[in-house]
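Thanks, everyone. I'll keep this brisk. Please have the model up on your screens while I talk.

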Amino acid sequence: MRVFRLLFLVCWPWFATFANAEKVTIAAAADLKFAMDEIVSAFKSTNPGADVGVVYGSSGNFYTQLKQGAPYDLFFSADIAYPRDLVNSGLAASEVKPYAFGRIVLWSASLDASRMTLESLTDPKITRIAIANPKHAPYGQRAEEALRSAGLWEKIEPKLVYGENIAQTAQFVQTGNAQVGIIALSLAVSPELASKGGYWLVPENLHQPLEQGYVITKRAENNALARRFADYIAGKDARAIMIKYGFVLPGEIAGS
Amino acid sequence: MDILLSDSDVRSLWLTARLAGTVTIILLLVGTPIAWWLARTRARWKGAIGAVVALPLVLPPSVLGFYLLLAMGPSGPVGKVTQVLGLGLLPFTFWGLVVASAFYSLPFMVQPLQTAFEAIGERPLEVAATLRASPLDAFFTVAVPLALPGFLTASILTFTHTVGEFGVVLMIGGNLPGVTRVASVQIYDHVQALEYAEAHRLAAVMLIFSFLVLLALYAWRPNLKKAS
Amino acid sequence: MENIQACFRLNLPSFRLDVDLDVPARGVTAFFGPSGSGKTTLLRCTAGLERAPEGRLTVAGEVWQDAHHWIPTHKRPLGYVFQEASLFPHITVLGNLRYGRRRISDAARVSVDQAIELLGIGHLLERRPERLSGGERQRVAIARALAVNPRLLLMDEPLAALDLKRKQEILPYLERLHAELEIPVFYVSHSPDEVGRLADHLVVMEAGRVLASGPLAETLARLDLPIRLGEDAGAILDATVGTVDKPWHLMRLDFSGGSLWARDSGLPIGHRVRVRVLARDVSLADQLGHSSIQNVLDGRVDAISEDEHPGLALVRLQVGEAMFLARLTKRAASSLGLKVGKKLWVQVKSVALLQ
């Protein structure tokens, strides 16, 4: 009997974590990495005891997972099309709300990208350029659009390497394996990347707007914490953090 | 095939086969002496070398991919060497994948070979020596023929394991069509792009291929035991 | 005369070898001793399969190992027959025979064909080793070792893994080898019967050391050796068939010191044979009477020693130039008044023909 009691005591914390009702898991596009971390810690400071976890990754990947019943309560997508599709499929518990417009930049860890333009990418000294995979990553699609609008796609395509998502694209550049990359502004201004090289903002008239949106999933229909966090994102504090990371917010003018 | 699979799918399959074939040949050349040494040495650091060879069995591909990306990058030790040699940088190239896959599949070549060499024992080589065969001569005329089943098993396992590789390729490949976009990555891309039908078709090809190879291997091994 | 000089000192965790030998580079030298006495290790050192850190080996004037030279196994002109045949399983019998042959350049005393004929394996050439009997395999292994034209043939208990019937199958081939080839042989064995049949020279080993080394008959008749072969203690004689007594089915075997009658085995007159007379089959008498024992020789006590049992004594007798051993109780020895130099009748009850 004592063995069982001991076993129960040892296992208690394990089961106890399931019993915690106040918990929310967020699936967030990789470009939100730094901004969302800051927002979550700000949210926690005003909501002590709230258990908020964030998973970063590719929006397309999250979308596929959510379709298969992945346990995320909130979905922040780099492309608003994905959450809209979830609403149409009846897998959402809220309307889709836009939270920001994403911007793309040229960024390099070894060169001064702030003096570059897209034309600079044709320089033969630049042999490797990283972009996110345009096939499924929203930032990659905007990068391709911008290069096409600038009439550079055919020249530059042979130099391209494709990141799985925007964070891996940045990592290819950060490790120097690609000299330049087209990445999210929100990553380029983050403390980790801002210390190196520099960035050049790609004019937004060269690509479709990258409208980003979020939604509460079906699973979190009765999760009060999820709703509180969704409201917090629309609030003043969260918006200030988003602006700090270069996101253009709905209802504001771009290009600060 | 063309009716079912798109050009880029076929290209990814061909690339996969080329990568797996190249890695198998390179590992036959590199893994055989390692396996031979491990099977016969009494050196104290045999254990350490054996453990290093076996590391990829337990290491997550992300660890290997991360270190390879850093090592082969412009400021990494391997990257510096390849640049000095005029080979450029290895990430995002076919040969970069070959190097990474060779590390990743090394235990699948070395371990079956080591077992095969150990099973031969000292005696046949001693006999060969008393029949005037130099150690190298004895290796090729006695050890290799006796270890032939081991060579076949090791080659098949290495080939199929390289075909099944995904994580390391994703981390250092850069997803270049015809260069680093192997079938496993191509399937991943299809899934990411919500092209489930395409993903299904390519995945089915991989599934059938892997099953047939393993079926051949397992059907052939019992026969081998009966014969010996 | 050309000799083989072997001196090895080897310290292994569980075993020590310390030998210094000088044996003739012709005929069969048998290494005899209990298991663990170092016979096989000595053979391996001779072949270069084991490297004794301190060693010197000269074969017929050629240095194979000393402080400055080390010839690796594959460059030593030797043949080696292992206890298990150890044929290469992936090639045919003929492939096995040719394996070593292809790797030698010098003109051979023994051709592959001759080796095939000598060992009687002509009908097996296309077979795979797995389809041979144990005895056939060992014959192929011996032929394979001969085909490399060895200047020294090393045989490590080549019959030990075989049952009695297979041994009987192979022994005649070994005797032919002995009789027809000029190759010196090191033959490791713990079978007194094999040693008696094949050896010219005997090296007795124990615990990594050489206890005795000398011509076979002389060494076997030594009384100071702790290994006396137990029930098999006895003397070896080389003799010739002198005459045959057809009506009684007997033949007379003449040796240097007398003659013995044995059962007629159909051998021609003048044929050389080797016989063994066991100590337990020899009795002694100080006067002649009527007896069933037909073989009575004139001998002289050469030495007396303790036997394994406290009630027994082992007596060595000189008959002409030959030596006999006799085993008798100490009481019998005492009543006969045995002492060295005493002349006696040596009565031999039974003679075993070894070849």
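How much area do chain A and chain B bury between them? About 1,800 Å², with 55% of it on carbon and sulfur atoms. Keep in mind that this is a predicted model.

Let's stay at that contact. Chain A gives 21 residues to it, and chain B gives 25. Three residues of chain A deserve a look: A:Lys135, A:Tyr162 and A:Asn177. Together they supply 30% of the area that chain A buries against chain B, more than any other three residues.

Now the polar side of this interface. There are 10 residue pairs in polar contact across chain A and chain B, counting pairs with both residues at pLDDT 80 or more. As for salt bridges, the rule finds one. Which side chains make it? They are A:Lys135 and B:Glu195, at 3.2 Å from N to O. H3(A) has the largest share, with four residues. By residue type, this side of chain A divides into seven nonpolar, 11 polar and three charged.

On to the aromatics. A search of the whole structure finds 24 aromatic pairs over all chains. I'll show two of them.

Take A:Phe172 and B:Phe92. Their ring centres are 4.7 Å apart and their planes sit at 70°, so the pair is edge-to-face. A:Phe172 lies in helix H7 of chain A. B:Phe92 lies in the loop between helix H4 (77–84) and helix H5 (94–120) of chain B, so this pair joins two chains. Are these two residues buried or exposed? Both A:Phe172 and B:Phe92 are buried.

The next pair is B:Trp36 with B:Phe139. Here the ring centres are 4.9 Å apart and the planes are at 75°, so this pair is edge-to-face as well. B:Trp36 is in helix H1 of chain B, and B:Phe139 is in helix H7 (residues 135–146) of chain B. They are 103 residues apart, and the pair links distant parts of the chain. B:Phe139 has a relative accessibility of 11%, so it counts as buried.

Chain A also has an aromatic cluster. Its members are A:Phe43, A:Phe76, A:Tyr99, A:Tyr214, A:Phe229 and A:Tyr232.

Back to chain B for a moment, and to B:Thr16. This residue is in helix H1 (residues 7–40) of chain B. Why does B:Thr16 count as buried? Because its relative accessibility is 4%, and the cut-off for buried is under 20%. Where does its side chain reach? The side chain of B:Thr16 comes to 2.6 Å from the backbone oxygen of B:Ser12. Leaving aside neighbours within four places in sequence, B:Thr16 is in contact with B:Val163, B:Val182 and B:Ala183.

Last stop, chain C and its backbone. Most residues other than glycine have a negative phi. C:Glu157 has a positive phi of about 40° and is not a glycine. You'll find C:Glu157 in the loop between strand S7 (152–156) and helix H5 (164–180) of chain C. At 9% relative accessibility, C:Glu157 counts as buried.

C:His249 also has a positive phi, near 55°. C:His249 is in the loop between strand S11 (234–245) and strand S12 (250–255) of chain C. Buried or exposed? At 56% relative accessibility, C:His249 counts as exposed.

That's the tour. Over to you for questions.

Key:
Residues are numbered from 1 along each chain as its sequence is written. Chains are lettered from A and ligands numbered from 1 in the order in which they are written. Side-chain values use heavy atoms; hydrogens and water are left out. Contact means heavy atoms within 4.5 Å. Buried area is the accessible area (1.4 Å probe) that two parts lose on being put together, summed over both. A salt bridge is a side-chain nitrogen of Lys or Arg within 4 Å of a carboxyl oxygen of Asp or Glu. A polar contact is a pair of N or O atoms within 3.5 Å; within protein, one must be able to donate a hydrogen and the other to accept it, and residues adjacent in sequence count only if both atoms are side-chain atoms. Ala, Val, Leu, Ile, Met, Phe, Trp, Tyr, Cys and Pro count as nonpolar, Asp, Glu, Lys and Arg as charged, and the others, Gly among them, as polar. Buried means under 20% relative accessible area, exposed over 50%, partly exposed in between (1.4 Å probe, protein chains only). Rings of Phe, Tyr and Trp (its six-membered ring) pair if their centres lie within 6.5 Å; planes under 30 degrees apart count as stacked, over 60 as edge-to-face and the rest as tilted.
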